[in-house]
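Dear colleague,

I am passing on the structure we spoke about, and my notes follow below it. Please look at the model first and then read the notes beside it.

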Amino acid sequence: MSQLIIDLEIATDATGALPTLEEFLAADQKPTAVFIDADEDIESIKEFTSNLTVIALNFPAFSDGRSYSSANLLRREYEYQAELRAVGDVRIDQLEQMTRCGFNAFQLADEQNVEQGLEKLKGFSFSYQPAFNREPLFRKRSS
Amino acid sequence: MYVYDEYDQKMVDERVAQYRDQTNRFLAGELPAEEFQHLRLRNGLYIQRLAPMLRIAVPYGLLSSKQLRKLAYITRHFDRGYAHLTTRQNVQLNWPILEEVPDILEELASVEMHAIQTSGNCIRNVTSDQYAGVAQDEIEDSRPWAEIIRQWSTFHPEFNWLPRKFKIAVTSATQDRAAVQVHDIGVRIFNNNGVTSFEILAGGGLGRTPVIAPVIKQNLEPEHLLTYLEAILRVYNRYGRRDNKYKARIKILVRAMTPEVFAEKVEAEWETLKGGTGTLTNSEIERVKGHFTIPPYEALDNHVTEIDDRIADNSGFSNWLKQNVKPHKQAGYSIVNLALKQTGVPPGDVTDEQLEVVADLADEFSFGEVRVTHEQNLTFADVPKKSLFSLWQALVSAELATPNLGLLTDIICCPGGDYCSLANAKSIPVAEAIQRQFDDLDYLHDLGELDINISGCMNACGHHHVGNIGILGVDKKGAEFYQVSIGGSGYEDATLAKILGPSFAQDEIPSVIQKLVNVHLEKREGTERFLETYRRVGIDPYKQAVYAS
């Protein structure tokens, strides 16, 4: 079974292998997708985000949280709108945090239960902090 | 105190369900141990030497009598009838059963408590001044700000997988009782003619590499507090080292970048967040402040003649009054400290029955609230002076009136090798041996204030770096030894203690402390405290006394 979830549904990967950030930056004709590792500068694609259709952010280990910051920068500061995919060591218990940072696609690690993953995506009813597409709870309270 | 609304309650309830599911999947073999370890730690559950240990969050140390009674119930039904107060104002259970932890969390959630982020590489429980709201030297009540930070840091989606643990402390008094200079972030609150502002410190800490935090931002306006914290955390999350856990704390990053460059990076990040949706609203600040209003104080005389009479004929009461009772900003009221440092009881341990007595006394004498201090003691913040003698009598019966607050035997001590799997050496028996050596209360009072801090390993949970006398358990070829340092302070004059020299065997420690104390008694001028004398005369006389053959 596919281990890919896109927009709350199990999906099959239509993208294939993605160009690395290095390949992307070197290309004269910019590809429409890119793979960015946790230690790479998200700043370097800031000017290209409007033409990208898939950005994959890597989690080299589930305990490595750097790509959450990259995701927040992409969504909230660079206003990237298209698919933001979590790849690498992506575990179902972290999907709700990833969602709140703006990921909408998840290439789950091997042996992760994709059905349970869909359940986990629901996450918490509220978010104290500002999150992707969510105002912080205190703004809801005062309204 | 802060009372949950429907949103706060929903968050902890959903967390209980989430954690129950994780526990069930682990027990069913669906969740690998290595992954469950990270998940349970984010809920305060360690697997210790003998049993699991559950750390329960007590935000900035504040507890209601209802919560105390629930803790008593939990220790009795799920544990062995006692709880342990930690150096970060939390409560620990030493003998819970892993399978029952979800039930414990459900009990906690029923009284607006939880164990969220009390461990793991995330933002930990925010700590503050135990005298917040009642201290004479306070500029503004720090608790609303600590609560605002608590909510912001709870389940922060971006900062749940940091390079290492992250601790924030808040203070607003002349005397820094929250040790903000040795935290990952310290927040100092100022108030100029009714206008609040913050000074932000970053990159302090104890552990293997103790560092006093530099100030990286001054005059931060209140509405920008959270966006500024977010900027700091983002810089740390992105650039903090992840290759070596001993170099992963923010203090290493700040030092490597230099505080100036770190501050510039934070400033640049903050520019993108400032004024955005994370900016605090006045209504939210007022909403939270509304939970920390002044209690209905009676108009009372500041001078109570009955106390004078009692002092004259009761040295026990008089010692307690002198040492454990502190001045209050409201006339006719006092702050009362319960030192949980009775000889023979591990520092910070409290039984289920004592918790219930404390709850009853809190209801009777202190508006139903109590605070946990980072010195592992308890505080009644609002006791009418006219009730001090009755309260003292009740505390004596409950063995909670040890009059040694701030004295040599008020030892700050981690659980050490008796419980903790990280420890190199035991710490509780060392504390007890010192307490037995110094069992003369008049001598202790004459000696004056002296902080002893004991940590069983380099992780420094006993904050040995900031003890006037610090004791660190070390492993020497498989044997437990103790390194002694002196001259530390965790207050506004924060100083890291200096190591005296080669380490000692456990049974030598009481006599080493005695020798250090003897030097103090010989060299002190007037009413100088141990730290003051040390600062004046330097380390050499102490070294000579301890190592002279």
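Where chain B meets chain A, 29 residues of chain B are in contact with 28 residues of chain A, and please bear in mind throughout that this is a predicted model. On the side of chain B that touches chain A, at least two residues come from each of helix H1 (6-27), helix H2 (33-41), helix H5 (143-153), helix H6 (225-239) and helix H9 (282-289) of chain B. Among the contributors to that side, H1(B) gives the most, with five residues. Sorted by class, the side of chain B that touches chain A consists of eight nonpolar, 12 polar and nine charged residues.

As for confidence, the predictor assigns the complex an ipTM of 0.97 and a pTM of 0.96, while chain B has a mean pLDDT of 96, with 100% of its residues at 70 or more.

Turning to the domains, chain B is divided into domain 1 (6-58 + 78-109), domain 2 (134-288), domain 3 (305-397) and domain 4 (412-547). The C-alpha centres of domain 3 and domain 4 of chain B are 27 Å apart, and between these two domains of chain B, seven residues of domain 3 are in contact with 10 residues of domain 4. The side of domain 3 of chain B that touches domain 4 of chain B is made up, by class, of two nonpolar, four polar and one charged residues.

With best regards

Key:
Residues numbered from 1 in each chain as written. Chains lettered and ligands numbered in written order. Predicted model: local features only at pLDDT ≥ 70, side-chain atom pairs only at ≥ 80, totals over all residues. Helix = DSSP H or I, 4+ residues; strand = E, 2+ residues; numbered from the N terminus. Nonpolar A, V, L, I, M, F, W, Y, C, P; charged D, E, K, R; others polar. pLDDT = per-residue confidence, 0-100. Domains from an automatic or database assignment.
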